[in-house]
Amino acid sequence: MKADVLLGLQWGDEGKGKIVDVLSPNYDIIARFQGGPNAGHTLIFNNQKFVLHLIPSGIFRKNTINVIGDGVVLDPVIFAEEIEQIEKTGINLSENLLLAEKTNLILPTHRILDAANENELGNAKIGSTGKGIGPTYTDKIGRNALRIGDIVSEDFKNKYNDLKTRHLKRLKTYNFDFDISEYEKKWFKGIEKLKRFKIINSSYFFNKALIEGKKILAEGAQGTLLDINSGTYPFVTSSTVTSAGVCTGLGIAPSKIGEVYGIFKAYITRVGSGPFPTELFDGNGEKLQKIGHEYGATTGRKRRCGWLDLTALKYTVQINGVTALIMTKADILSEFDTFKVSEYYKSGTCKIDYFPYEINENIKPVYKTFKGWKTNINNCKTKEDFPKEFNDFIKYIEKQTGVPIKIISTGADRAETIIL
Ligand code: GDP
Ligand code: IMO
Ligand code: MG
């Protein structure tokens, strides 16, 4: 068996959580492989809404095991809050949620360092979610991290204090006020809550599961344009968001990766700072933001909106080796008489059909205009139900990317999904 992957092809919030929830009944195991509580994955079913930050989106399916993999960074406070919220629904997480021993812990001082860094950057700030992601991955790469496997060590408190002391020294160089005392108390309570869960060796667990013929889906967080290597650096997150991250994040070989589902919105959004060639500052941008309810699921910030960017999409399809596309939120375009897609960029008179190193104000998207379908597509069940204009749009994207669109989401609810 091979592990399938579902990951974002834009700047996050493509609807990953919704689709992972839809696909979960087809899988034995759903695993997060990177990122942390910066993610906000929204699931809607039976008139209930859940936003998951750390726990994989297969958690509401009875027979699915959910794993937080090695490549994730975990804040015990947010984790404890999330389990409490889910357990209120009657689900017993002790049985279907496993934690990988190499998962790194986000300390209260990582959150402060994140805030202090952003404060120092002023107008140049990344627009981080403030969850301590950057400083935690910095400690991982710097070989200073605390990991879930450490929580059972007798020495854990000392290890915590050593790292905290180093952070406090660094924080003295910033002009930044903070008080972690309350958060720290909650953090240690969260550590105790973690001990309830089975802690696994991720690599042995996943490789054994594959040998036994178990079906695994790796759930990406963020989107490829936020990837530390391939994204719009420095306005990125600090993890490997791409399909390559599944290997390091779960401990499996590249040859063990199966289907790569790449998910994208029929337009594009971004939260936080950084370049965005097709960003709209007119009524169309406002309309996408309003009808699409484009507010960050983690921070509540308004998402910046723009037309679909094919240069970026083709780039992220290529990096990830996407084998199947998933398109979400095309229902939002139903409200438009016409809408646009950027086919390539221009800089002066030069055509640019690749995603450039530097995206500055000289990079101008060149658009193709599409006639809208102006009909509600929420109740469509098959391709035959779609208006012609919508089918033409689907064919166009498939031709441009060279990858078939296999799933179309026409609304936020679990039920509003068409598997083609
Ligand atoms: P994720 O981070 O990729 O899981 O995405 P988010 O949950 O942050 O943002 C996606 C938002 O769009 C959520 O509010 C979803 O409920 C909603 N959503 C997902 N798919 C669709 C869709 O096809 N149509 C509409 N209208 N909303 C959708
Ligand atoms: P999901 O999984 C959208 C963005 C932040 C910021 C940058 C760095 O819900 O798609 P960080 O806190 O990681 O240091 O922030 O990345 N960002 C996201 N944007 N969706 C996300 O996750 C994001 N996670 C981080 O807004 O611009
Ligand atoms: Mg999100």
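Colleague: What makes the pair Gln-34 and Ser-239 a polar contact?

Modeller: Their side chains are joined at 3.0 Å. A polar contact is a pair of N or O atoms within 3.5 Å (within protein, one able to donate a hydrogen and the other to accept it; residues adjacent in sequence count only if both atoms are side-chain atoms). So 3.0 Å passes. This is a predicted model, where local features need pLDDT of at least 70, side-chain atom pairs count only at pLDDT 80 or more, and totals for chains, interfaces and linings use all residues. Residues are numbered from 1 along each chain as its sequence is written, chains are lettered from A and ligands numbered from 1 in the order written, and side-chain values use heavy atoms, without hydrogens and water.

Colleague: Where does Gln-34 lie, and why is it called buried or exposed?

Modeller: Gln-34 sits in the loop between strand 2 (29-32) and strand 3 (41-45). Its relative accessibility is 1%. Buried means under 20%, exposed over 50%, partly exposed in between (1.4 Å probe, protein chains only). So Gln-34 counts as buried.

Colleague: How do you know how enclosed helix 1 is?

Modeller: Count its residues. Eight of the eight, residues 16-23, are buried, so helix 1 is largely enclosed by the rest of the structure. Lys-16, Lys-18 and Asp-21 are among them. Helices here are DSSP runs (H or I, at least four residues; strands are E, at least two), numbered from the N terminus.

Colleague: How many helices and strands does the chain have, and what makes its size that of a globular protein?

Modeller: There are 13 helices and 19 strands. The radius of gyration is 21 Å, close to the 22 Å from the globule rule for 420 residues, so the chain is as compact as a globular protein of that length. The radius is taken over C-alpha atoms, and the rule is 2.2 Å times the number of residues to the power 0.38. The C-alpha trace spans about 65 × 50 × 40 Å along its principal axes. Buried residues make up 55% of the 420.

Colleague: Which residues have polar atoms at 2.8 Å, 2.9 Å and 3.1 Å from oxygen atoms of ligand 2?

Modeller: Asp-13 through its backbone at 2.8 Å, Asn-38 through its side chain at 2.9 Å and Val-271 through its backbone at 3.1 Å.
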